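Colleague: Please take me through one part of this model closely. I want to know how its pieces touch.

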Amino acid sequence: MKRTVKTTLCSLASGLLVAASAMTPVAHAANGDTLKTVKERGNLLCSGHNGSYPPFVQVTDDNKWSGYDIDYCRALAVAIFGSDESLKVVPISWAQRFPSLQSGDIDVVIKATGWTMGRDTELGIQFSRPYFVGATNVLMPKELGSTTPETLSGGSLCANAGTSTERLAANFFKSRNIDIEIISFEKSEETRAAYLAGRCDSFVGWGPNLAVMRQSAENPEDHVLMDTALALEPESAAMRQGDDNWVDIVNWMFAVTWIAESKGITSANVDERKANPADSTEEKLLGVSPGIGSRLGLEDDWAYNVIKQVGNSAEIFDRNIGSGSVYNLERGLNSLWSDGGVIVPMVLD
Amino acid sequence: MRSGIKSLNTASNTSAPPDASLSHRIKRNLFDTPFDSLLTGVCGLVLAYLLYQIVDWAFLSSIWTAEQEPLCRDASGACWSVIDARHRIILFGLFPFEEHWRSTLACVVMIGTIVASCFPWFWTGKKLSVLWLCGFGTFYLLMHGGLFGLSVITPEKWGGLALTIFIFAAVSLIGMPLSILLALGRRSKLPIIARMVGLFIDFFRSLPLLTILFAAAVITPFLLPGWLQGDKLYRVIVGFAIFFACYQAENIRAGLQAIPAGQDEAGLTLGLNYRQRVSRIQLPQAFRNSLPSIVNQFVITFKETSIVTIVGFFEILASGQAAYGTGQWTQHYIEVYVFIAAIYFVFVFSLSRYGAYLEKKLRVGHD
């Protein structure tokens, strides 16, 4: 996601990025390299943000990192070291994500990063399975009475200038022959303030950002989402190309939180479940029978530690984005497939 | 009353006061003709209204403490609760909560060092070097730790005001001597040195600061061997210092070129060597000549430190963004920016007032 970054910065950064990647013909990591480096160094370097990007990366009142993405950084550190004390969150800007990954400033990017073909093939990085999907949508006042795109015909739309969202919205309404005036602003705070002050009839943005904004409105219930999403973007963790073992670890770190949720294992009951595993999958997951660790180069109780210390995917979502947070965003597509979402845990055998 | 007596005194005791009394001056300047009076009245009302609006927003209708945050939604004034709840993030960034006293003390030491070096008593090479080595060393020890039982806190956790001050001080500390060398180098009698230095300065001046910082943070790790890389913070500071030095060198060179050639020649006839001529004749006069632009460059640099946020540092502006960047506080970004602007204002305003004091002291423009 690069919605809040200005066009000039994007083009400058991508120019430098191309320059940086042109200079790095040997940035490919060998299989197993990253885990070895991380273990030798004694800490995991994960991506943070230069400021905050709620609800993914933000700072608590006592100066600590928190957020949905930070929790997955913690889970990865716990998987490797058994405790999140070895996690070092490195503040980086959007433009810096991939060059910093290549130069070894960070070991993994878990930062609302969309999986695109260009990034996947040209930047020397590879992606994990998507761990979050975010829909670009339009927020509009409830008093309009209807939530179809046609409702907005003849009205206006607030957007952040020069972002992919702005182009997406223009194309979306054009293809439906809906006449809408797009008013764009440089800073996302301005865009938000303009909509809330009634300068435009609607506001286009990325799902979680919309939720954050709605939460700051005087009466959050007065604003509703349009019934048609403009686009859906899968967010994945990014790693250096070539280290398959590292990709496996990150993928299975995500999978473990999903499997735990599907089996109803939470940070609260994990000890109980470990004492009385229901089936062989659970035995394997919680390290009662060996296999889950040794195949990745980790300890066999790593998944148990992750569930115990960070929680399953439902807990992570609720704590940071959902009902347990101020944002109170519905989980929707980010639920497991059994609850109508798109998240499908891999099979642990 | 007092001013009345005073103006009476000045009128009777001293001969021919240059200025008339305040009330008379006001009358002459603002209410001379009916049109003037009208203009003054209208402008005064508009100003008073604006001032009232600002005061009302900032003080009268504002909410002050974090506990009163629920009242903010209905308040017409500022919601300073965000500052109350999150000021530690603005001031200290990601510095561990329990160690904030270290960051506070470090800032005080650094500001003390900067203030102390403003006093003419310290203006010898030796005293300044000792002062800055001690000040900088103490600052670094407090921030980084590792000695005397202080826990180690690595630079990626530094942030807020402390980081802004650190970057500014480090850039000045490296950049100032470098700028003198560059200025002297560009005026060297050896063409090769003069041309090389000229090329160096023009090369860095033709690049945007953003590019230099991005290259220092992101691209140099690909080019430099591991042992030479150091922390990202130091690479960025070196890049920034070179940029600063190139501009400052041109300011100093302007000052050097304003010195009549006779000055240097007089030094030569007295048998002074190059070092003596530079340190006793050329540089003191050069500094005096280009003082306004030198101070200007410091002011610009202090404000430009906020650009490092682009390469992922938690300086005061990024910290401010983190402070309001959570669900509870997103709508109160204006208060956070006003708070940061006030901090910048205190620093930059003191810097420019000091520049004005120096100019007066050295009587720039009066000889």
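Modeller: In this predicted model, 34 residues of chain A are in contact with 34 residues of chain B. Contact means that the C-beta atoms, placed from the backbone, lie within 7 Å. On the chain A side, the elements that give two or more residues are α1 (7–22), β2 (58–59), β4 (87–90), α4 (97–103) and α8 (207–216). These are DSSP runs numbered from the N terminus: helices (H or I, at least four residues) and strands (E, at least two). By class, this side of chain A has 15 nonpolar, 13 polar and six charged residues. Ala, Val, Leu, Ile, Met, Phe, Trp, Tyr, Cys and Pro count as nonpolar, Asp, Glu, Lys and Arg as charged, and the others, Gly among them, as polar.

Residues are numbered from 1 along each chain as its sequence is written, and chains are lettered from A in the order in which they are written. Local features need pLDDT of at least 70, side-chain atom pairs count only at pLDDT 80 or more, and totals for chains, interfaces and linings use all residues.

Now a helix pair in chain B. Helix α15 (residues 316–324) and helix α16 (residues 333–361) of chain B pack with their axes 9 Å apart, at an angle of about 155°. Axes are lines fitted to C-alpha atoms over the stretch in contact, and angles run from 0 to 180 degrees between N-to-C directions. So α15(B) and α16(B) are roughly antiparallel (over 145 degrees). From α15(B), the contact uses Ile316(B), Leu317(B), Gly320(B), Ala323(B) and Tyr324(B). From α16(B) come Tyr333(B), Val336(B), Tyr337(B), Ile340(B) and Ile343(B). This contact has nine nonpolar residues, one polar and no charged.

Note on methods:
Two residues are in contact if their C-beta atoms, placed from the backbone, lie within 7 Å. Angles under 35 degrees count as roughly parallel, over 145 as roughly antiparallel, 65 to 115 as roughly perpendicular and the rest as oblique.
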